[in-house]
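Student: I should like to understand how the terms used for a structure follow from their definitions. May we go through some examples together?

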Amino acid sequence: MKTYQCVVCGWIYDEAKGCPEEGLAPGTRWEDIPDDWNCPSCGVGKGDFEMVAV
Amino acid sequence: MSAPIVILGTGLAAYTLAREWRKLDSSSPLLLVTRDGGGFYAKPTLSNALANNKTPAQLQIKSVEQMAAELKAEIRTHCAVTGIDAQRRQIILANDDRLAYDRLVIACGADPFRPPMEGDGAGEVQSINDLDDYSRFHAGLENAKSVAVIGAGLIGCEFANDLATRQINTSLIDPAPWPLSRLLPEAAGEQFTAGLQATGIKFCLGTSVKGVHKTAAGYRLELADGRQLSADRILSAIGLRPRTALAQAAGIARQRGIVANRLLETSIPGIYAMGDCAEIAGLILPYVLPIMHQARALARTLAGTPTTLGYPAMPVVVKTPACPTVVCPPAPGTEGTWQCLSVTGGLEARFLGQAGDLLGFALLGSTTVQSKALAAQIPALLA
């Protein structure tokens, strides 16, 4: 399981925890999130996220 | 060569605009001018850096050199702009150099508002509005056991919660009767208070700081209600004041912020304003999501497609793990009433209009999962 961070606002997506508010169950892999999904905190697209070392 | 688009600032607003504009125009020249070092960091990460075990140096995501390369831009650092000559389309630097612009974007941010306080320690009260401020504050924490935070708004509460995770004795002082008083109704404010108190944060509500006096160990705060408080460090977080002096001197209209229309254009054609310094369509919204919408609209306008700014309902996540909170305040001046519903592990507060329509909300604890669903029901802030 990996962790990703939004480069604009610092919001963190942890695959293990998922993001139930966004309809992403715990364990949802980054690559399985739709490409049109946006950062829930600042609205940037998936392409603006970066993988952060765990 | 034609004159560049010039952006004043390298904060979140400036860099986000540059990034969005570069997606639409990969070759026209771009110049950014900044007072600081120009490194890129995500400002919201300042107020939860301790909990995330990040040093100030680790918060910088990209160096100014990386940003210049990625954006194909020239970035002038540690460079103060002293004037704008709108007639000649030039900015004036401290050494009287003049730089031409094709279009100018003012994204120079805001200054922390400082209340008048008495005492020989008043000048040592810190505030945090950028990574440099945070670095100084962080360095002073090394041997600090207690911190007093003035202002229990969004930023004050986030920093207090972050300090408490480091077992630092933290006090929050605010004249309002409960924290986040402009965002939460009373019942929600009480539950939020209880959540933060459970981490050891002490609240001094309904009062303000009258004076700050130096002591052998740190500072003694004298509160307006007569109480006294001691602290090793003091952080002030009571709000921001848009930086408008440069625009005003250039003859650009300002109210509380630099006035801009929904194309983000100021009263002088070809000069735009965005971010924390700007008052766009009467609104000053110093949050990340509004800046994203501004950057996208302005990037399109600058690239040749005039684009009117729109805002959907924009919930704000309060980064207080002691009481996870999402707020979506009603538009300024909206009539209505709060209805609060306590549930297991949380509270849901809905702001309802006269017809029972949902116009805003505050979600605490377990109810924060509904944020997206509720936001979709709220009318757009700028349709």
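Student: Why is Thr28(A) called buried?

Tutor: In this predicted model, Thr28(A) has a relative accessibility of 17%. Buried means under 20% relative accessible area, exposed over 50%, and partly exposed in between, with a 1.4 Å probe and protein chains only. The value of 17% therefore places Thr28(A) among the buried residues.

Student: What does Thr28(A) touch, not counting residues up to four places away in sequence?

Tutor: Contact means heavy atoms within 4.5 Å; on that basis Thr28(A) touches Tyr13(A), Glu15(A) and Ile33(A). Thr28(A) itself is in the loop between strand S2 (12-14) and strand S3 (49-52) of chain A. Strands are DSSP runs of E with at least two residues, helices are runs of H or I with at least four, and both are numbered from the N terminus.

Tutor: The conventions are these: the model is predicted, local features need pLDDT of at least 70, side-chain atom pairs count only at pLDDT 80 or more, and totals for chains, interfaces and linings use all residues. Residues are numbered from 1 along each chain as its sequence is written, chains are lettered from A and ligands numbered from 1 in the order in which they are written, and side-chain values use heavy atoms, without hydrogens and water.

Student: How do you know that the length of H8(B) agrees with its number of residues?

Tutor: The expected span of a helix is 1.5 Å times one less than its number of residues. For the 15 residues of H8(B) this gives 21 Å, and the end C-alpha atoms are 21 Å apart, so the two agree.

Student: Why is H8(B) said to be largely enclosed by the rest of the structure?

Tutor: The reason is that 12 of its 15 residues are buried. Among them are Val288(B), Met292(B) and Leu302(B). The buried residues of H8(B) pack against H1, strand S1 (5-8) and strand S9 (104-106), as well as strand S20 (271-273) and strand S21 (278-280), of chain B.
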